[in-house]
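Let's take a quick tour of this structure. Have a look at the model first, then come back for the notes below.

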Amino acid sequence: MALEYSQESRKALDSMRAEYPELRSILIPALKLAMKDHGSLTKESIELAADEAGVSGAVAAGVATFYHNLHTGTIGKHLIMICTTISCQLAGATDVVSRFEELLGITIGETTDDGLISLLAVECLACCGNSPAVQVDYDYFESFQPEQCEAVVESLRAGRHPEGGAGVPGGDPDREAEVGA
Amino acid sequence: MSGTRKTLKAHMGEGIAPVVRLPESDETVTFTIDGWEVTAPKGSTILQAALSEGIEIPHFCYHPGLSAAGNCRMCLVQVDGRPKLEPSCIIPAADGMEIVSSAENVTEARKAVMEFLLLNHPLDCPWCDKAGECMLQDNTFEYSSGKTRHRMVKRTYPLKDFSDRLMMFGDRCIKCTRCIRFLREIEGGEEFALYNRGADVDVGTYLEHNLSNNYQGCLADVCPVGSLISKQFLYHSRVFFLEASLGICTGCSAGCNLYVDRYENRVARVRPRPNLDVNDWWMCDIGRYEWDTLLDNRILSPRLKAGEAVDGEKALGTAVEALKTAGDGLAGIVSATATCEEAFLFDSMIRGMGGVTAPWYGPQGRIDPTDKNDFLHRKDPNPNTLGVESILENASTFDDILTRIESGSVTTLFILGADLTDEIAGKLGGVAQIVTITSSESPASVAASLVLPGTIPFEKSGTFVNGDGRLQRFDQALQLPDDALTEIGILSHLITECGTGEPCEDTAEAFAALAGTVTAFKGLSFSTIPTGGTLLQIRGDA
Amino acid sequence: MSADVYRGVENREPILMTPEAVEGLVTLEEYRSKGAGYTALEKALKTMTPEEVHEEVKTSNLRGRGGAGFPAGVKWGFAPKDTGKPTYLVCNGDEGEPGTFKDRWLLRQTPHRLVEGVLITSYAIGCNQAFIYLRQEFDREAVRIRSAIEEARESNLLGKDILGSGWDCEITVFMGAGAYICGEETALLNSIEGKRGMPRVRPPFPAIVGLYGCPTIINNVETLSNIPAIINNGGAWYASYGTEKSTGTRLFSVSGRIANPGVYEVEMGVTWSALLDDLCGGPSREKPFKALYPGGSSTPILKASEIDDVIMTHEAAFELGTFLGSGATIVLDEDDDIVDVVLNLATFYKHESCGQCTPCREGCRWMVEILQRIADGLGTMDDLDLLIDVADHICGNTICAFGDGAAGPVATAVKKFRSEFEARVAVSTARGSE
Ligand SMILES: Cc1cc2nc3c(=O)[nH]c(=O)nc-3n(C[C@H](O)[C@H](O)[C@H](O)COP(=O)(O)O)c2cc1C
Ligand code: SF4
Ligand code: FES
Ligand code: FES
């Protein structure tokens, strides 16, 4: 059966359409919302987004495979993204990676068997002054130390957004990453 | 002026300088390339101007029929002494520009591009179909060291089987995006895309390999290397053993210009011959891949009704008798697939003996030859509708002739090239003599009392008038057996025997006779029709 | 963030990192009571023509802060008027250059100032629809910008008939999806158009054929954040900061082996030492500095000795064969291994190349292969020259400046620190002969 967007996503897409002179501009948001609603991008969910933006499945797949944060492979419900670029590397990102690998029993780039957490090495997060930098579900955890890994994993397993993120002061700490919009 | 002027090598097997479409402009710009002065319409890029003057600047991603992508970086040149090299396919030529295309720094950059392209290339020319017309191979001679400095494992891609027409050897792909641009800009589809990024970039359809468009052969054509390969030609023959002749596609009224590539006396493949007034650089897959249906059910020797073989001389004699004894019961039907010369001789013959001729367009009837299915392919399946119509004098219509047949007033019917339908053939019972000249079996040959074998287009030369009124000539690609006659030979013989006209030795003579008679063709001669054809002053469809 | 320090300009007020900004001018209320508070927008709309705004910015000689350092006023002049097509302004907030984190600071601390800068610039160039492109990782920062836009709209600072001037302007926030190359301005335009973020060939330049085929001006977050101050105080005031050709102040993101990493605002023309030693407190590990990437990982590396007494200007950097880039200074000390650093960055570029140009696509991968085997102790002496050769063959031969940024620093590093590379190769030679 053909996939559909959740009501919330559909509303977001409908309001977005008016913001751009060309329909195709909503392709990237449409792919993100497809990912939000249906998990990692499959042929079906890519086609869902393609139809929304008026492009072919091939073109949408070309876009989906271009951007790192549009995941066409297996991807967990939560993302732990560790910057391994130079400043973070100098500051010990490798130790953070190892500690997470140990705790989760997976290697970098993999997703836990229960589909809960993906561990990703990413490029510079624009947080090099407070390195190593980690993002958990797109919230910054700055000057992140291996000792903090356990608490992060525990909260995610308990269904809570981990404490200590930079978030947005005054904003909702549990706010889900605003994919797409 | 440095060194010798670089003249063009043959790329893509074109055999001649690539056909470039220059921008239309009344203003021109004049500049120099390695000291050679070049003038081109304003708006031309350096590369367009160079190629149109026959000056070689190596390139891969540039294709004259597509937008410039500027991604291969092979066409870099030095502009006005600036240290950073610029892509000649992108930079517009300007008055007084001084372009350097053969200095050492330019050559070094191109050699570097070649080295980068060959890093992961499988170098499998010995079994690659493109070898001999591969741009990578061509440029390797001039811009490669012949040694590799790469010590790691090569990147590989799985074979992709897109359809029964096209497949992809991804290891050979150089990511020039010509194929993607062809589909997007010319064919109008988005079946191909780029995937991934950086060194992992890949090209093709997504997940399922299910190409279905009518221009897949063009994808193999635009591929500058041996990545996209036409399955019909896969491992068929080395291209350098092929001989090309100029052809015209008979698939529809577009009249796409072709090269007919033959190996020994067989057609190995057909491919588009660029003509900016007709088909640009393209042709459709129907024309490219279905020509071999012409070879089905061939009629190779004359016969009488009921499959009774008859020798050639006797057959011709029978036909002459039929003409002479027909009186006012004579009628002719000529297919809109016949060449102009054939149609002219046939009509002269029928009228000379007092009959009338009508055109046959196929079971679907006449279709406006300007109606298109897409950017190229036309709805009218006949290559010569306008030619035949402009040649037939006081033509009748097929329906008129059929009415006369049904009323019993036609005793002798000559058919040239028309297939008819079973239903129509069933109504011909009352016609005493039916002489069909045709290359393959059809209801018209089954109903005939005498069948004379005709030729397929590859076996003759001639002219067609396409749906736009453009007269185009084509050459004979395949040799006929010594004793075989073409339609022109047959018709010329019959006319001479009946004493109604002069014999014609060949197509050129038949064309001369035509040009002497039919107004639209006045002043033309077969040998001087330009390879790109010439527009006739004929009334097309209103 | 820890070290949001401004101490760079002697006896002068900072322009961007005012004490109030360091504390945070997040809400409209805060921006009004403690910042410019849209007074510059009001001044521009009520007392200045777009040409006059443009003229002030030209006088200021404000140069782009995104990397290339192109004068903003000159760039604005490239957009043709009266084409019958809309003109777009795009604010580049992709901030992906390794070492750079100052735009994130501006987005978090002074979102309204950016919105005001975007609006004033739109007014100057005749744009009614501006876009702010943010990398997806700025998810929370986007919240700030979006609420600033909403607050501005509620106060008639944005939308229709702004402040009764009859002029309309909208701002749309577009989120990226993870691609460093989308910081390159034409890749960014493709990304907004829903395409793969591949840079476009020039000509045509985006000022003439940009977003949706229309004239488009692209400026960095920091560049646009300077506009309100320039309008309030005048271009001449701004140009009185810095040197003649490198005017104003600049945000530097300092990271690596430095005692106090962070974002610093310094007046152009101060010495490197004033930034790295005086403001940032020198090395973090009590080892002497060995080298630095002065303006981000795409700018050729400098030996520590090369910056003695050198001032921070575009011209001085150029004389050293490098650039101020995006103002991202990554410092290395004696214990850092150059081979490992270069391999780390080469891997970054290999991941991030869009893959369309032959030299960049193939060369970036090849450089990593060579560096990896050197790092693994499997390299040869020939590999060092090969590495320089490959890098040189990428440089200058690609569609966008990514190729230069990927290759230039590699070639420079091998040339400047050859003995370190040779030492790694020597290991392999020794092992090979065992
Ligand atoms: C590979 C590459 C990445 C870039 N990344 C950024 C970026 O993240 N942010 C930015 O403002 N400019 C970036 N730029 C520079 C932009 O192309 C452009 O010059 C700049 O946004 C113009 O704004 P400015 O004149 O205000 O600096 C990048 C350039 C290149 C070649
Ligand atoms: S230089 Fe690299 S990143 Fe830039 S366009 Fe070329 S391949 Fe893409
Ligand atoms: S290097 Fe890790 S955030 Fe910049
Ligand atoms: S032909 Fe000019 S870059 Fe490819």
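A disulfide is a covalent bond between the sulfur atoms of two cysteines. Here, a pair of cysteine sulfur atoms has to sit within 2.5 Å to count as one. This is a predicted model, and by that rule it has 0 disulfides over all chains.

**Cysteines in chain B**

- Cys173(B) has 16% relative accessibility, so it counts as buried.
- Cys498(B) is in no disulfide either: the nearest cysteine sulfur belongs to Cys504(B) and is 14 Å away.
- With 15% relative accessibility, Cys498(B) counts as buried.

**Build of chain C**

- You'll find 19 helices and 10 strands in chain C.
- The radius of gyration of chain C is 22 Å, which agrees with the value near 22 Å that a compact globule of 434 residues would have.
- Along the principal axes, the C-alpha atoms of chain C fill a box of roughly 85 × 45 × 35 Å.

**Inside and contacts of chain C**

- Of the 434 residues in chain C, 65% are buried.
- Take the contacts in chain C between residues at least 6 apart in sequence: 72% of them join residues at least 24 apart.

- Chain C has an accessible surface of about 13,700 Å², and carbon and sulfur atoms account for 51% of it.

Terms used: Residues are numbered from 1 along each chain as its sequence is written. Chains are lettered from A and ligands numbered from 1 in the order in which they are written. This is a predicted model: local features need pLDDT of at least 70, side-chain atom pairs count only at pLDDT 80 or more; totals for chains, interfaces and linings use all residues. Side-chain values use heavy atoms; hydrogens and water are left out. Helices (H or I, at least four residues) and strands (E, at least two) are DSSP runs, numbered from the N terminus. The radius of gyration is taken over C-alpha atoms; the globule rule is 2.2 Å times the number of residues to the power 0.38. Buried means under 20% relative accessible area, exposed over 50%, partly exposed in between (1.4 Å probe, protein chains only). Contact means heavy atoms within 4.5 Å. Accessible areas come from the Shrake-Rupley method with a 1.4 Å probe; for residues, only the protein chains shown count as cover.
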